[in-house]
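This report walks through one protein model, from its sheets to its salt bridges and cores. Please look over the sequence and structure shown here before reading on.

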Amino acid sequence: MVVRGRVVNGTPGGGSPEGLEVTLRIFDAGAVAETLTAPVAADGSFLFDGLSAGEGATFLAEVTYRGVGYFSESVVLEAGQQELELPVTVYEVTEDPATVRVTQLHIFMSRVGDRLQVGEYYLIGNGGDRTYIGSESPEAGARVTLRFTLPAEAEGLSFDGPGLGERFVGLEEGFADTRPVPPGQVSLEVFFRYELPYREGLEVRRAFPVPVASVVVIMPQGELTLEGPELTPAGTVDTQMGPSFSYTAGPLAAGEELVFTLVPAPPSSAVEPTASAPTGGLPTRDVARENAIGAVALAVAAVGAYMLLRPGSPGPIPPRIRPLVERIAALDERFEAGEIGEEAYRMEREKLKRQARNLLEHGKR
């Protein structure tokens, strides 16, 4: 069989990809079965010929340009298929974060004993035509892109995937990401969790390194809920954590704080469910509310992924994503056993997570 493709520079006026090297990885059952390389021709094309792979094998092409790795879409070989196309787009680089923003931020909170567990899930995009590579940080001893602070009293910082000393580096007031941000609506994900005291009157302050388009905060119903000048209540929703209060916020400028406080929860009868709809006659559209409900619906899907895809997460698992969750668990075991390299592990795990989130989102629409 044949795998071919073309490397294109997505930055207008950018350099030629001629002379670059393409790495092709072939995955079988989540593990790298074969790694091959080929040169990029003057017209950007590349070719891998005489390959042998079975149905269900996954192919992924990678090109490094100006120190940044770029990937094709991963493609699964179908029965009888003898040719695959794996185009790769590369970009010039910039140290200016002007075009980087958080397109969606989901904050999940849950009570465990006297602690408040918080998960922050960022979808980060770059509206420009150059990859943001950040700048050298003497404090971090590395080139960093996005810096994250933590709330006062935060403890037990952990990450989904490579953490401190790997993808992320510790700073005095938090941590920083070292991964570049290529152009795209969502080109990077950041997911971390920490704990706070669960008590009435606790004030949480969050500030963000780049502008944030929208925020959704989810907190299960209980003794306490949230209140803040930037938060807009969006009713209640059913999540993997049970019936939950939901809130929206944003847009927020870079450095602008999102502040909220834990306050006594109102009686459940006083909270309007998000899923409720007006009855009788033709309703008057409330575009702001519709947008908020849409954002919460996406967050409900994301909270499913958060609860189900984190290490050691409990069920029940929706049947439509159970096979993907099982594949992620098996992949984690192979990585911990040293049977698969970090880069291959990361790419395959993120691909499976995207598939699971897409299924969860589709089920909520």
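## The seven-stranded sheet

An open sheet of mixed pairing is built from 7 strands, in the order β17-β20-β12-β11-β22-β25-β24. Strands here are DSSP runs of E with at least two residues, helices are DSSP runs of H or I with at least four residues, and both are numbered from the N terminus. Two strands count as paired if DSSP finds at least two bridges between them. The edges are held by β17 (155-159) and β24 (232-239); each has a single partner strand, so one side of each is left without a neighbour in the sheet. From one strand to the next, the twist averages 20°. Such angles are taken between N-to-C directions of lines fitted to C-alpha atoms, for helices over the stretch in contact, and run from 0 to 180 degrees.

Within this sheet, strand β22 (residues 215-220) and strand β25 (residues 242-249) pair in the antiparallel sense over 6 bridges. Strands of a sheet pair through backbone hydrogen bonds, either parallel or antiparallel.

## Basis of the model and overall figures

The model is predicted: local features need pLDDT of at least 70 and side-chain atom pairs count only at pLDDT 80 or more, while totals for chains, interfaces and linings use all residues. Residues are numbered from 1 along each chain as its sequence is written, and side-chain values use heavy atoms, with hydrogens and water left out.

The protein contains 3 helices and 26 strands. Of its 365 residues, 46% are buried; buried means under 20% relative accessible area, exposed means over 50%, and partly exposed lies in between (1.4 Å probe, protein chains only). The accessible surface comes to about 17300 Å², and carbon and sulfur atoms account for 50% of that surface. Areas come from the Shrake-Rupley method with a 1.4 Å probe, and for residues only the protein chains shown count as cover. Among contacts with a separation of 6 or more, 69% are between residues 24 or more positions apart, a contact being heavy atoms within 4.5 Å.

Another open sheet has 3 strands with antiparallel pairing, in the order β21-β26-β23. Its edge strands, β21 and β23, each pair on one side only. On average, neighbouring strands of this sheet are turned by 25° against each other, direction ignored. Antiparallel strands β21 and β26 are joined by 5 bridges, and the partner of E203 in β26 is T261.

Strands β18 (residues 168-171) and β19 (residues 174-177) also run antiparallel, joined by 4 bridges. A hairpin of 2 residues connects β18 to β19, and L171 has G174 in β19 as its bridge partner.

## Salt bridges

Side chains of opposite charge can pair when their charged atoms come close. The structure holds 14 salt bridges, each defined as a side-chain nitrogen of Lys or Arg within 4 Å of a carboxyl oxygen of Asp or Glu. One of them joins D43 and R6 (3.5 Å, N to O). D43 lies in the loop between β3 (31-39) and β4 (45-48) and R6 in strand β1 (residues 2-9), so this pair ties together parts that are 37 residues apart in sequence. D43 is partly exposed at 47% relative accessible area, and R6 is partly exposed at 38%.

E155 and R115 meet in a salt bridge of 3.1 Å, N to O. E155 is in strand β17 and R115 in strand β12 (residues 115-126), 40 residues apart. In the salt bridge of R199 with E153, the closest N and O atoms are 2.8 Å apart. R199 sits in the loop between β20 (184-197) and β21 (203-207), and E153 in the loop between β16 (147-149) and β17, 46 residues apart. Salt bridges that share partners also join E95, E136 and R143 into one network.

## Nonpolar cores

Which residues have the most contacts inside the largest nonpolar core? They are Y122, I124, V215, L226 and L258, in a core of 40 residues. A nonpolar core is a set of buried Ala, Val, Leu, Ile, Met, Phe, Trp, Tyr and Cys residues joined through side-chain atoms within 4.5 Å. At least two residues of this core come from each of β11 (100-112), β12, β20, β22, β23 (224-227), β25 and β26 (257-264).

Not counting residues up to four places away in sequence, Y122 touches several residues, including V102, L105, F148, L188 and F208. A second, separate core has 26 residues, among them A38, F46, L51 and V90.
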